[in-house]
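Here is a short report on one protein chain.

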Amino acid sequence: MYVRVATVQIRSCKMQEVIDLHNDSLIPAAKGQKGWRGSYLMTDASNDKILSIPVWESEEEMLASEAGAGYLQAEVAKFNIVFANPPTFDHYELSAEALV
């Protein structure tokens, strides 16, 4: 599996809006994407920073979700009102996983 890690500085006092957009818009849209396996949102309210980590079945499906004017661009645009700066994206292979 593969993950895309988005690191974002958000505008002050906008954390709840980010969480709501994530849960009410991004997740429903992601569920319709081929290969999407889940997502994590990490928040640091004291520093107005988030990490968004969707999990994908394959690297090809992860990269396809970023292509053109598709799903990812449409969803990121909805967050522009709460982002202080554009997100930075990194890609990783998920090499180990342990869940309780």
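Is M15 buried or exposed? The model is a predicted one. In it, M15 has a relative accessibility of 11% and counts as buried, because the limit for burial is under 20%.

**Around M15 and I50**

M15 is found in helix α1. Its contacts, leaving aside neighbours within four places in sequence, are I10, T43, D44, A45, D48, K49 and I50. M15 and I50 are 35 residues apart along the chain, yet 8.6 Å separates their C-alpha atoms. I50 in turn touches A6, T7, V8, I10, M15, V18, L41, M42, T43 and F83, again not counting residues up to four places away in sequence.

**The core**

The largest nonpolar core has 17 residues. I10, V18, I50, Y71, F79 and F83 have the most contacts inside it. At least two residues of this core come from each of β1, α1, β3 and α3. Helix α1 supplies the largest share, five residues. In soluble globular proteins, nonpolar side chains tend to be buried together.

**Helix α3**

Which residues of helix α3 (residues 71-78) are buried? They are Y71, L72 and E75. These residues cover an arc of only 90° around the axis, so they lie on the same side of α3. They pack against β1 (2-9), α1 (15-31), β3 (49-56) and β4 (88-93).

**Salt bridges**

The whole structure holds five salt bridges.

| Pair | N to O distance |
|---|---|
| E66 and R4 | 2.8 Å |
| R37 and E57 | 2.8 Å |
| K78 and E75 | 3.0 Å |

E66 lies in the loop between α2 (59-64) and α3, and R4 in strand β1, so this pair ties together parts that are 62 residues apart in sequence. R4 counts as buried, at 2% relative accessibility.

R37 and E57 also link distant parts of the chain, 20 residues apart. R37 is in strand β2, and E57 is in the loop between β3 and α2. E57 is partly exposed, with a relative accessible area of 38%.

K78 and E75 both lie in helix α3, three residues apart, about one turn of the helix. K78 counts as partly exposed at 40% relative accessibility, whereas E75 counts as buried at 5%.

**The surface patch**

Y40, M42 and L99 make a nonpolar surface patch of about 320 Å². M42 is found in strand β2 (residues 36-44). M42 is partly exposed, with a relative accessible area of 37%.

Definitions and conventions. Residues are numbered from 1 along each chain as its sequence is written. This is a predicted model: local features need pLDDT of at least 70, side-chain atom pairs count only at pLDDT 80 or more; totals for chains, interfaces and linings use all residues. Side-chain values use heavy atoms; hydrogens and water are left out. Buried means under 20% relative accessible area, exposed over 50%, partly exposed in between (1.4 Å probe, protein chains only). Helices (H or I, at least four residues) and strands (E, at least two) are DSSP runs, numbered from the N terminus. The arc is that of the directions from the helix axis to the C-beta atoms. Contact means heavy atoms within 4.5 Å. Patches are made of residues with over 30% relative accessible area and no salt bridge: like charges are joined within 9 Å, nonpolar side chains (Val, Leu, Ile, Met, Phe, Trp, Tyr) within 5 Å. Accessible areas come from the Shrake-Rupley method with a 1.4 Å probe; for residues, only the protein chains shown count as cover. A salt bridge is a side-chain nitrogen of Lys or Arg within 4 Å of a carboxyl oxygen of Asp or Glu. A nonpolar core is a set of buried Ala, Val, Leu, Ile, Met, Phe, Trp, Tyr and Cys residues joined through side-chain atoms within 4.5 Å.
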